[in-house]
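Hello,

Here is the structure I promised to send you. Please open it and keep it beside you while you read my notes below.

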Amino acid sequence: MRKSRKNIGIIGLGFYVPKKVLTNKDLEGMVDTSDEWITTRTGIKERRIAGPTESTSTLAFNAAKDALKDAKLAPEDLDLIIVATITPDMAFPATACFLQEMLGAKNAACFDMSAACAGFIYGLVTAQKFLQSGTYKNALVIGAEKLSSVTDWQDRNTCVLFGDGAGAAVLAPVENGGILASYLGCDGSMTELLMQPAGGSRMPASRQTVDDRMHFIKMRGNEVFKLAIKIMSDAACRALKACKLGVEDIDCFIPHQANMRILDAVARKMKLPLEKIYFNVAKYGNMSSAATAVALCEAYKCGRIRGGDIVVLDAFGAGLVWGAAVIQWQK
Ligand code: ACO
């Protein structure tokens with residue numbers, strides 16, 4: 001837990017979601033499920049699915065162009081690119097390297113960040129430290145996922161939950177406000193709850209791993225559900241406390257968009273009115289690293305965030321990892 005020294009803020013935001021919409025009705029034709037079950041258990045109505053020529057880097061590219069335009073910066077102005085993702089284009093090189101080439105951001109150092117659904121917040125905090133130290137002046141942080149590429153379209157327990165998209169933020173020093181405080185955490189004893197078992201060094205790809213469908217997301221949803229409520233409310237309160245603010249100071253709460261029932265329960269636990277929360281889970285489902293990034297960008301673009309507002313980002317995901325950041329939006 002750290003309080004900021006030099007003020008670092010978000011000076012540009014952008015997002016991109018693929019054109020193809022997959023509705024709950026469409027899923028009824030793919031697995032044994034119903035629009036009614038998905039809606040009441042998750043709040044999700046539809047999600048976006050990347051086309052065959054789209055990959056995580058192309059989704060990230062579209063979001064990045066939007067954010068750079070908003071920040072009024074050229075790609076050459078970027079000193080650092082962090083792509084938060086659990087669905088990189090390849091295990092290596094980093095998706096951030098592909099993105100650098102697409103953007104022409106030839107002056108930027110580049111790496112990927114793997115912190116599942118908390119990846120965008122981990123990325124923001126990491127970039128903030130580089131900028132605070134004076135090492136770099138401008139940074140681009142992106143949450144981007146093509147989760148459809150690791151979704152088991154035969155498993156009704158998981159395939160109804162996920163979608164594809166990307167959200168991007170440009171960070172730079174600001175006069176006032178910016179990231180006031182953050183809190184990042186992890187409990188590695190719970191890796192079993194949510195993982196993509198095969199394809200890494202522990203279980204390299206083989207005919208057997210493909211036959212056993214081990215390259216897809218495996219999740220013990222019910223256990224994740226209960227932990228998410230406790231973890232998210234705790235992380236947000238710790239980050240607020242670190243900058244001497246309380247729940248009553250929040251103007252806009254932007255949580256990880258996994259499940260409407262989780263968000264309802266988090267709001268109750270924190271005693272946070274629902275109208276202070278930005279929701280878009282119905283439209284996009286769970287986009288992991290991209291979820292908070294896209295939600296922040298949408299909230300900003302539709303005028304839900306104004307200068308001086310206290311905005312809280314809050315997420316948890318596979319690891320389990322979690323993170324929260326308190327941002328005072330600069331005027
Ligand atoms: N359609 C119809 N029935 C279904 C479906 C479906 N799509 N999926 C599961 N069911 C059935 C189950 O088989 C089970 O049936 P049974 O009682 O006959 O065994 C029943 O519905 C209830 O299943 P539960 O798992 O108990 O349902 P629950 O209310 O917990 O909802 C859900 C499941 C939506 C997955 C929920 O647990 C959840 O949202 N968990 C959190 C997931 C999450 O937030 N992950 C975040 C991180 S993602 C990341 O990091 C990449």
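Domain bounds here come from an automatic or database domain assignment. By that assignment the protein splits into domain 1 (8–176) and domain 2 (180–328), and the C-alpha centres of domain 1 and domain 2 are 14 Å apart.

A word on the source: this is a predicted model, where local features need pLDDT of at least 70 and side-chain atom pairs count only at pLDDT 80 or more, while totals for chains, interfaces and linings use all residues. Residues are numbered from 1 along each chain as its sequence is written, and side-chain values use heavy atoms, with hydrogens and water left out.

Now to where the domains meet. Counting contact as heavy atoms within 4.5 Å, domain 1 brings 45 residues and domain 2 brings 45 residues. The buried area (the accessible area, with a 1.4 Å probe, that two parts lose on being put together, summed over both) is about 3700 Å² between the two domains, and carbon and sulfur atoms give 65% of that. Which three residues supply more than any other three of the area that domain 1 buries against domain 2? They are Cys117, Ile121 and Tyr122, with 18%.

There are also 2 salt bridges between domain 1 and domain 2, a salt bridge being a side-chain nitrogen of Lys or Arg within 4 Å of a carboxyl oxygen of Asp or Glu.

Happy exploring!
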